Amino acid sequence: MPHLEALRPDHASAVLAFELANRAYFAASVSDRGDAYFEEFSEQYARLIAESKSRGDAYYVFVDDDGSVVGRFNLYEIKDDTADVGYRVAERVAGRGMATAGVEELCLLAVSEHGLRTLRAKTTRENIASQRVLSKVGFVAADEADVAGRPGIWFELTVA
């Protein structure tokens with residue numbers, strides 16, 4: 001069963017493989033990262049890790065038993081006791097409860113490792129699968145959202 005690990009420099013090749021293998025799949029529901037992201041991946045990845053420490057963001061990878069990355073789960077915009085949640089899972093594990101399991105584990109880490117009390121996540125209105133994941137974990141629709149220029153919904157969860 002996959003589990004969350006804090007993002008580390010040695011995850012770089014597995015994260016790149018995950019992003020490349022799922023690029024078209026992700027682009028169907030969120031905006032594409034663009035060619036530059038992949039062309040400059042090493043530099044951007046190193047910057048992401050360095051900036052996460054200075055900003056206090058918390059990035060995790062969902063690692064399968066074989067060591068491959070099958071998801072990314074993040075806490076960002078952390079302020080006081082609140083953070084925004086972002087996540088994506090590989091197409092090969094979609095529909096099997098992996099996103100729900102990852103978000104549940106992230107919620108536990110949000111409390112135990114980061115002292116958070118409120119989590120927020122947004123998704124486009126057409127991304128019904130993501131809305132279901134958030135609802136299963138206990139998030140409730142709270143407000144309208146803009147998701148890369150598309151209409152969306154903010155969800156909230158009190159975790160502590």
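These legends go with a set of close-up views of the structure above. The model is a predicted one, where local features need pLDDT of at least 70, side-chain atom pairs count only at pLDDT 80 or more, and totals for chains, interfaces and linings use all residues. Residues are numbered from 1 along each chain as its sequence is written, and side-chain values use heavy atoms, with hydrogens and water left out.

View 1. Seven strands make an open sheet with mixed pairing, in the order 1-2-3-4-5-7-6. Helices and strands here are DSSP runs numbered from the N terminus (H or I, at least four residues, for helices; E, at least two, for strands). Two strands count as paired if DSSP finds at least two bridges between them. Strand 1 (3–6) and strand 6 (140–147) sit at the edges with a single partner strand each, so one side of each has no neighbour in the sheet. From one strand to the next, the twist averages 30°.

**View 2. Strands 1 and 2, with helix 1 on the sheet.** Strand 1 and strand 2 (residues 58–63) run antiparallel and are joined by four bridges. Look for Glu5, whose bridge partner in strand 2 is Val61. Helix 1 (residues 12–21) packs on the sheet and touches strand 2, strand 3 (69–79) and strand 4 (82–89). The direction of helix 1 makes about 100° with that of strand 3; axes are lines fitted to C-alpha atoms, for helices over the stretch in contact, and angles run from 0 to 180 degrees between N-to-C directions.

View 3. His11 is in the loop between strand 1 and helix 1, and it's buried, with a relative accessible area of 6%. Leaving out residues up to four places away in sequence, His11 touches Glu5, Ala6, Tyr45, Val61 and Val63 (contact means heavy atoms within 4.5 Å). Ser68 is in the loop between strand 2 and strand 3 and is partly exposed at 22% relative accessible area. With that sequence cut-off of up to four places, Ser68 touches Phe62, Val63 and Arg92. For accessibility, buried means under 20% relative accessible area, exposed over 50%, and partly exposed in between (1.4 Å probe, protein chains only).

**View 4. Strand 5 beside strand 4.** Strand 4 and strand 5 run parallel, joined by four bridges. Asp84 stands opposite Arg120 in strand 5. Five of the seven residues of strand 5 are buried, so the rest of the structure largely encloses this strand.

**View 5. The largest pocket.** This pocket holds about 1,300 Å³ of space. It is lined by 44 residues, and Val30, Gly86, Tyr87, Arg88 and Asn127 are the closest to its centre. Strand 4 gives the largest share of the lining, six residues. By class, the lining has 22 nonpolar, twelve polar and ten charged residues. (Ala, Val, Leu, Ile, Met, Phe, Trp, Tyr, Cys and Pro count as nonpolar, Asp, Glu, Lys and Arg as charged, and the others, Gly among them, as polar.)

**View 6. The largest cavity.** About 40 Å³ of space lies in this cavity. Its lining includes Glu19, Phe26, Val30, Asp32 and Arg88, and helix 2 gives the most, with three residues. On a 1 Å grid over the protein atoms alone, a cavity is a set of points where a 1.4 Å probe fits but cannot get out; a pocket is an open set with protein on both sides within 12 Å along at least five of seven lines; lining residues have an atom within 4 Å of a point. Grid points are joined across faces, edges and corners, and a volume is the space filled by probe spheres set on the points.
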